[in-house]
Amino acid sequence: MSAKRTILICQGTGCVSSGSPQIQREFEREIANNQLDVAVKLTGCHGFCQIGPTAIVEPDGILYCMLKTDDVEEIVNSHLINGIPVSRLHYHDPTTGEPIPKWMDIPFYSRQQKMITIHCGYINPEEIEEYLAIGGYRAARQAVLSMTPEEIIEEVKFSQLRGRGGAGFTTGVKWDLARRSNSEDRTAQKYVICNGDEGDPGAFMDRIILESTPHSIIEGMIIGAFAIGASKGFIYVRAEYPLAIHRLEVAIAQARQKGFLGSRIFGSDFDFDLQINQGAGAFVCGEETALMASIMGKRGNPRPRPPYPASEGLWGKPTNINNVKTYSFIPLIIKNGFKSVADVGLEKSRGTAVFCITGKINNSGLVEVPMGIKLREIIYDIGGGIPNGKKFKAVQTGGPSGGCLPEEYLDRQVTYESLQEAGSILGSGGMIVLDEDVCMVDIAKYFINFTREESCGKCSPCRIGLGRIYNILEKITNGKGEKEDLESLEELGELVKEGSLCGLGQTAPNPVLSTIRYFRDEYLAHIIEKRCPAKVCKALIEYAIDETKCTGCLLCLRNCPVEAITECARETVNDLRTGQSDEDKPSGGKRKKDTVCAINTDVCVKCGICFASCPQEAIFKRDKPFVPEEMLMESYI
């Protein structure tokens with residue numbers, strides 16, 4: 001008997017914001033009008049966020065992308081009724097332009113190795129029955145009813161699972177430390193926390209898992225709580241993730257109703273319950289001690305360690321903290337055995353890694369790949385390479401505190417140690433691809449500004465050091481840099497790394513130190529030649545018009561917010577600004593075909609609107625003529 005045809009409508013945050021709920025309603029209406037025996041189902045995100053809103057027709061395996069409500073009727077009539085898929089709505093290969101109807105034939109999907117995201121995009125996250133149908137909560141039941149805490153921890157240790165929140169500490173060892181704390185007093189209170197405070201720019205790994213399979217995190221926390229002897233758990237999620245919070249609330253309520261949370265879960269003597277805490281958007285609260293302070297109602301400042309949370313955490317009690325992705329692995333380890341994780345990846349980096357590929361990349365989204373994969377495979381085989389024929393320049397891994405690695409590192413394996421040796425970090429899974437149009441000095445300044453603003457300010461190296469680093473970078477991008485500034489940046493970077501209290505400060509200088517290490521020539525161009533090779537830094541460039549390409553269409557003139565663009569026929573310019581039509585103008589007022597536009601560089605604010613609006617690509621960026629300061633002084637005198 002063939003499976004019933006079902007349409008899976010992605011309703012992750014990206015697709016919801018693009019109108020997927022309306023698309024689902026339109027599918028339901030069209031199917032009802034045509035009296036078709038086809039199911040329409042809400043799902044979480046399946047990762048390919050760039051092509052949303054999406055719908056997958058199963059069991060056909062046909063993927064439709066970038067949908068609008070107007071497309072639904074055509075899909076129903078052509079595909080569901082007449083059996084002819086709608087080619088124009090398929091994914092098209094960025095290189096060949098050929099449509100690929102089936103999602104499993106798209107390299108973005110076929111080259112992944114999914115473990116914890118395998119059900120994202122295929123089950124309804126708001127229906128516990130669907131999670132139970134794929135084996136959900138069997139691992140938690142097995143752990144609570146058939147295993148001892150010691151056996152659970154040994155299984156996690158043998159898996160060699162390391163924390164996916166960034167630090168990479170061995171999960172089983174961390175659990176064992178929490179279990180042994182106050183072990184003589186079995187009535188002592190202990191806690192487990194899930195860190196879902198995902199604040200990296202361009203990162204959405206935790207959000208997608210929370211939105212798509214919230215029950216997997218709950219199940220992992222139940223197992224972890226039983227292993228260390230905790231009776232209370234907290235899921236700390238950013239308030240900016242309303243959909244994730246909603247689905248967690250639904251999942252927790254459903255788990256309580258089934259008896260998986262609360263008193264005597266699974267009919268045992270074990271009591272455990274969960275609550276959600278919403279973060280207020282402070283990046284530093286991703287650090288575990290700052291996060292605990294926030295849960296306790298205090299300001300989210302880190303504190304020195306030791307004591308570690310495993311011995312003295314929430315309200316002074318033993319506490320275990322793991323990331324969303326780490327908890328998602330636990331049910332797999334208990335249900336399928338430690339080898340299911342230990343046999344994937346490399347010696348010190350086992351299992352899979354979940355990355356968000358963003359930036360200058362053809363296929364951006366969430367991917368899950370085995371540890372040890374090469375950066376080139378992620379960027380080119382899965383990500384589809386760099387758009388518009390541009391050259392690859394660098395990839396930043398590990399979020400705002402990660403380093404920028406150049407092309408010669410594309411064949412480096414992705415592991416905790418290899419990335420750290422190269423001057424970057426694995427972090428929680430952010431990956432930003434940069435092309436030739438990016439200025440590495442400017443990108444370093446961007447990330448330093450982010451960490452500078454997000455610093456809690458508690459320790460001097462981070463508070464003062466990051467501010468000083470930012471000021472020097474600002475000086476360089478403004479064309480006022482000196483050779484000594486590079487030495488100052490390197491020295492300050494090392495001081496901040498060594499002297500900062502928490503992981504934010506200890507890793508924050510990575511973007512600067514790595515870009516100086518690999519793109520030193522670009523810094524020297526800014527400092528010595530007073531030019532920006534990528535034509536990004538405003539103080540070092542100016543806009544100009546190529547007269548051989550300009551057709552005098554005046555789009556640039558009409559869009560310029562500061563009236564820095566003029567045309568040789570002044571009366572025509574004035575007429576266009578007052579909105580007069582050709583019929584209203586004097587006979588001599590019509591634009592001559594041979595006239596061109598020009599930019600007054602003294603008035604231009606370099607907003608780039610003219611550059612973006614010119615249909616002939618006649619406007620270009622060039623190096624601003626460098627005038628030594630002493631000559632400026634002589635001219636002034």
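Guide: Angles under 35 degrees count as roughly parallel, over 145 as roughly antiparallel, 65 to 115 as roughly perpendicular and the rest as oblique. The model is predicted: local features need pLDDT of at least 70, side-chain atom pairs count only at pLDDT 80 or more, and totals for chains, interfaces and linings use all residues. Residues are numbered from 1 along each chain as its sequence is written, and side-chain values use heavy atoms, with hydrogens and water left out.

Visitor: Why are α7 and α8 called roughly antiparallel?

Guide: Helix α7 (residues 149-159) and helix α8 (residues 171-180) pack at an angle of about 155 degrees. That value falls in the range over 145, so α7 and α8 are roughly antiparallel to each other. Their axes are 7 Å apart. Axes here are lines fitted to C-alpha atoms, for helices over the stretch in contact, and angles run from 0 to 180 degrees between N-to-C directions. Helices (H or I, at least four residues) and strands (E, at least two) are DSSP runs, numbered from the N terminus.

Visitor: What makes the crossing of α7 and α8 left-handed?

Guide: A crossing is left-handed if the near helix is turned anticlockwise from the far one by less than a right angle, and right-handed if clockwise. The crossing of α7 and α8 meets the left-handed case. On the α7 side the contact is made by P149, E150, I152, I153, V156 and K157, and on the α8 side by T171, G172, V173, W175, D176 and R179. Contact means heavy atoms within 4.5 Å. Sorted by class, these residues are 6 nonpolar, 2 polar and 4 charged. Ala, Val, Leu, Ile, Met, Phe, Trp, Tyr, Cys and Pro count as nonpolar, Asp, Glu, Lys and Arg as charged, and the others, Gly among them, as polar.

Visitor: Which residues of α6 and α13 meet?

Guide: From α6 come A139, Q142 and A143, and from α13 come P331, I334 and K335. They divide into 4 nonpolar, 1 polar and 1 charged.

Visitor: Why is V57 called buried?

Guide: Buried means under 20% relative accessible area, exposed over 50%, partly exposed in between (1.4 Å probe, protein chains only). V57 has a relative accessible area of 1%, so V57 is buried. V57 lies in strand β3. Leaving aside neighbours within four places in sequence, V57 is in contact with R5, T6, I7, I62, Y64, H79 and L80. V57 and R5 are 52 residues apart along the chain, and their C-alpha atoms are separated by 7.0 Å.

Visitor: How do you know that both faces of β1 are covered?

Guide: T6, L8 and C10 on one side and I7 and I9 on the other are all buried. In a regular strand the side chains alternate between the two faces of the sheet. In strand β1 (residues 6-10), 5 of the 5 residues are buried. For β2 the count is 4 of 5.

Visitor: What makes the pairing in the β2-β1-β3-β4 sheet mixed?

Guide: Two strands pair if DSSP finds at least two bridges between them. β1 and strand β3 (residues 55-58) pair in the antiparallel sense over 4 bridges, whereas β1 and strand β2 (residues 39-43) pair in the parallel sense over 5 bridges. T6 has E58 as its bridge partner in β3 and A39 as its bridge partner in β2. C10 is bridged to T43 in β2. The 4 strands form an open sheet with mixed pairing.

Visitor: Which strands are the edge strands of this sheet?

Guide: The edge strands are β2 and β4 (62-64), since each pairs on one side only. The twist averages 20 degrees from one strand to the next. Helix α3 (residues 69-81) packs on the sheet, touching β1, β3 and β4, and its direction makes about 170 degrees with that of β4.
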